[in-house]
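Subject: Structure handover

Hello,

Here is the structure for your work. Please open it alongside this note; what I found follows below.

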Amino acid sequence: MTGVLCCVAGKKSGSWLPLLLCICVADMALGQVRYSIPEEMSTGSVVGNIIQDLGLDVKRLKSGRARIFTEDGSEYIGLNAEKGTLVVAKRIDREELCKQVSPCSLHFQIIVENPMELHRIDVEITDINDNAPFFSKKEYNFQVIESASPGARYSLESARDPDVALNSIQTYKLNPTDNFKLNVVSRPDGTKYIEMVLHTSLDREKQEEHKLTLTAFDGGNPQKSGSVKINIVVLDANDNAPVFSQSVYRVTVPENASRGTVILTVSATDNDKGANEEVVYSFSQHTDSASSLFNMDSQTGEIAVIGVLDYEKAKHYEIDVEAKDKGGLTDTSKVLIEVTDLNDNAPVISVISLSNSIPEDSAPDTVIAMLNIKDLDSGRNGQVKCFISPDLPFKIKSSSTNFYSLMSDDVLDRESIPEYNITITAMDEGSPPHSTNKTINLRLSDVNDHAPIFPQPFLTAFITENNSPGVSLLSVKASDKDSGNNARISYFLEDSQMNGMPTSAYFSVNAESGEILALRSFDYEQKKEFHIRVKAQDGGSPPLSSNVTVKIMIQDQNDNPPQVLYPVQTGGSLVDEMVPRSADVGYLVTKVVAVDVDSGQNAWLSYKLQKATDRALFEVGLQNGEIRTIRQVTDKDAVKQRLTVIVEDNGQPSRSATVIVNVAVADSFPEVLSEFTDFTHDKEYNDNLTFYLVLALAVVSFLFVTCLVVIISVKIYRWRREHLFYKSSGNLPVIPYYPPLYADVGGTGTLKQGFSYEVYGTTDSRKSDIKCSRPFSQSTLSVDHNATRTVPRHKTESENLLTEQKPPNNDWRFTQGQRPGPSGATGGPEVAMGTGPWPQPPTEAEQLQALMAAANEVSEATATLGPGTMGLSTRYSPQFTLQHVPDYRQNVYIPGSTATLTSNPQQQQATAQQATQQALPPPQTSAQPEPPKAAQTPASKKKSTKKEKK
């Protein structure tokens, strides 16, 4: 056979690569073999011998590289080239491979090369009964109404079996078949289905559920089967009416049944199912009177009380009830309710009168409250008995019917029990009895029956001596069991005498806090302890009190230095002790004896050698103060030995005292005198030297302070003077200086005649005052008080006169000695002759004194000015012109000049006479007069005084 074969090879066993294979075969030999094997053969089972069936040998298979080729790449069949057989390569499941297709075959080719041969192999897979019939569900549920007619059909799902032919499903069986039977129906296509047919009527009340089993059988050998459960639920039909469990219900209800109390539950049953068995309960229409007192639950049939039952009004009730299902079927019954009389009222306690508080000292049988107790029941149910706890100191007493009194029955004590909660119980004699409780709160008011109590009868306080006054010692505290003002404690110090003085002079007690204060500083050496009594008194009426004794211990302080008793320090003693030169080691020279008035360790004294002429010769005992030699005395040792011993106490800080012991190292007393004669001189010399050093230091300090004060005073004075002269708002007036009009009067030194004038200007008036005085001569200026007049503000003749005054004559001058100037200025011949007006200029102190006097007098004069004048601050301001010249009516001393401005004519005349005498030459003159000495200043006076003293 000649032809062309084209094919596509795919993946094989996961190792072959995709290849596009076009094979053109010429003169190819083809062979075909068919085998049949059952499914589920084990792997390696022989399918067939191709050597025999195809006429091939093993060598040909090996040389031709025989192999199997499948179109779908499956490898169910394998080739054993060694034996030339086909074997099962893996498990073959016919149902998985072909499903319901029959027959089921595997098709593949065996390819042999060199030369190329292709052999077709068909392997038919035969079915075995390896699968049992099965249903898609484990169970089926059907609902069938009980009124269904016989012959009703219900389709069922057919079972399935993967096997084919006789191994598939052959028959079905239903069990049981009391009400249903199975019917198998064939379709035109040859398929079959099954259905379930009702052949007997159902009754849900008899059997509500039916359980059937449907079984499918195949035709295999051995035969296999599968089954499924069928649950048939019979649906109810409303074919039964409700029925009450009783035709008549009887119930007893107490009259005090509360609202909502269920007294009875009626029950009706319906044999139907589902909605048909639901029963609704209700009262019949002719029971309207009871519907206001009772209510019926339509679902449960419970009858509950909704009103108030009263045995006296109605003893029984009759109610018709009805049960109805949803199908409209009904049933009726009767309910008889009887009301019983019970003890349904508890006693009622009413407080008519009540005392919330009574004194704790109230006598027994004191009435506390009045009560009214009643019970609304009758008979024994209304009989009441009243009582309280027997542990309380109170009692209940019946005063009349239904009235009771609460009274005290014992002695009361507020400090033990301050208040009581009295529970009054009222109980009736009903069965069961009812009781009512009423609690009354009773407080006991306090009575001052307890005195303050101190926790201890004796107290001890400690205070260090030299304390500050007002320091706190301790606080006493007393307690009082009472309350309110009765427990308000005040503290007092009981007055007693201490050292002839009252206790209150030493201590005081805070009345509120009980704090004890020391009023003065104490000295342990004078008084070591005090005993005082503090009284605590409450605020009751009458007040009660108690006392406590306080012992105050004064603690010692190291406030006293040691006192040396021996050797006694006297100024005349030159030698205290003598040590012979033959003294051996440890020779007792003397013993320093000292005491300390302090106590304790503050009085422990220790002795030390502070200074010594020869420290290698003597020592001092640390505890006993004994001075002993520590080596053998030799001839080389000085006769004069001066030892300074310091005595220290053990206080903190320690205090000390020193004593000087003069020891003479000699064998005889005359030798001692010759050596100690200069002791007194040295001592006096040292004492005098110390005194002079201290005195010199004090003098230098005083001079330094004095100079400092003087410099500060001068600075202040200069500042004040500048302030007074150049500040407009100063307190002292500035005296302006106007140059006088000088004239040549033949060298007499007197002033030329001129005019003294004053102008007073005001700001509020259109008129001003102007004063003109008489002409003056020599060195005296006189003011005419009668020249005052009032003129308008326009220029007057006087102002014109002032304006037209000529300046001073420059041709006439004072000599150098006649000019006012500072002290010590060089005087001319006129000064030497005593003819000048100022033979001796004033000192700076005199100038300052004159300036202060002028200020006082001007201020007094200013105070007398009228309201039309200007103030000093205005008249003495820098803008003050000539018309603002003040009225110098008082005596004014001008520094640097002996001229005096005065308003007193007599004083003016006296001043003129004095100036004339100064202008005249002295009666006795010498040919060579000495130049005038400069005026002595305070500093020069002090220096001269010191020189005179020296």
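Helices (H or I, at least four residues) and strands (E, at least two) are DSSP runs here, numbered from the N terminus. On that basis the protein has 11 helices and 59 strands. Keep in mind that this is a predicted model.

**Overall picture**

The protein has 950 residues, and 35% of them are buried. Take the contacts between residues at least 6 apart in sequence: 64% of these join residues at least 24 apart.

**Confidence**

Mean pLDDT is 75 for the protein, and 71% of residues reach 70 or more. Among the elements, strand β40 (residues 515–518) has the highest mean, at 94. Strand β1 (residues 5–6) has the lowest, at 30. Two stretches need care. Residues 1–29 have pLDDT below 50, with 32 contacts in the model beyond near neighbours in sequence. Residues 861–950 are also below 50, and that stretch has 120 such contacts. Where pLDDT is low, the predicted coordinates should not be read in detail.

**Nonpolar cores**

Which residues have the most contacts inside the largest nonpolar core? They are Ile263, Val266, Phe294, Ile303, Leu309, Val335 and Ile337, in a core of 27 residues.

- β18 (248–254), β19 (262–265) and β21 (279–283) are among them.
- β22 (294–296) and β23 (302–305) are also included.
- β24 (316–325) and β25 (330–340) complete the list.

Strand β24 supplies the largest share, 4 residues. Leaving out residues up to four places away in sequence, valine 335 touches Tyr249, Leu264, Val266, Ile303, Tyr317, Glu318, Ile319 and Val321. A second, separate core has 26 residues. Leu474, Met498, Val509 and Ile532 are included in this second core.

**Cysteines**

How many disulfides are there? The count is 1. Cysteine 98 is joined to cysteine 104, with 1.7 Å from S to S. That link is right-handed, with 65° about the S-S bond. Cysteine 98 is buried, because its relative accessible area is 14% and the cut-off is under 20%. Cysteine 104 is buried too, at 2%. Elsewhere, cysteine 386 has a relative accessible area of 16% and is buried. Cysteine 707 is partly exposed, at 46%.

**Aromatic pairs**

The structure holds 11 aromatic pairs. One of them is formed by phenylalanine 507 and phenylalanine 530. The centres are 5.4 Å apart, with 75° between the planes, so the pair passes the edge-to-face cut-off of over 60 degrees. The two residues are 23 apart, and the pair links distant parts of the chain. Phenylalanine 507 belongs to strand β39 (residues 507–509), and phenylalanine 530 to strand β41 (residues 529–537). Phenylalanine 507 is buried, at 1% relative accessibility. Phenylalanine 530 is buried as well, with a relative accessible area of 2%. Ring pairs also make a cluster of Tyr506, Phe507, Phe522 and Phe530.

**Serine 504**

Serine 504 sits in the loop between β38 (501–502) and β39. Is serine 504 buried or partly exposed? At 43% relative accessibility, serine 504 is partly exposed. Neighbours within four places in sequence aside, serine 504 is in contact with Leu493, Asp495 and Leu519. Leucine 519 is 15 residues from serine 504 along the chain, and their C-alpha atoms are separated by 8.3 Å.

**Arginine 414**

Where is arginine 414 found? Arginine 414 lies in the loop between β31 (403–408) and β32 (419–428). Although in a loop, arginine 414 is buried, because its relative accessible area of 11% falls under 20%. The side chain of arginine 414 makes a polar contact with the side chain of glutamate 415, at 3.2 Å. Beyond four places in sequence, arginine 414 is in contact with Glu360, Leu444, Ser445, Asp446, Lys481, Asp482 and Ser483.

Best wishes

Terms used: Residues are numbered from 1 along each chain as its sequence is written. This is a predicted model: local features need pLDDT of at least 70, side-chain atom pairs count only at pLDDT 80 or more; totals for chains, interfaces and linings use all residues. Side-chain values use heavy atoms; hydrogens and water are left out. A disulfide is a pair of cysteine sulfur atoms within 2.5 Å. Buried means under 20% relative accessible area, exposed over 50%, partly exposed in between (1.4 Å probe, protein chains only). A nonpolar core is a set of buried Ala, Val, Leu, Ile, Met, Phe, Trp, Tyr and Cys residues joined through side-chain atoms within 4.5 Å. Contact means heavy atoms within 4.5 Å. pLDDT is the predictor's confidence in each residue, from 0 to 100. A polar contact is a pair of N or O atoms within 3.5 Å; within protein, one must be able to donate a hydrogen and the other to accept it, and residues adjacent in sequence count only if both atoms are side-chain atoms. Rings of Phe, Tyr and Trp (its six-membered ring) pair if their centres lie within 6.5 Å; planes under 30 degrees apart count as stacked, over 60 as edge-to-face and the rest as tilted.
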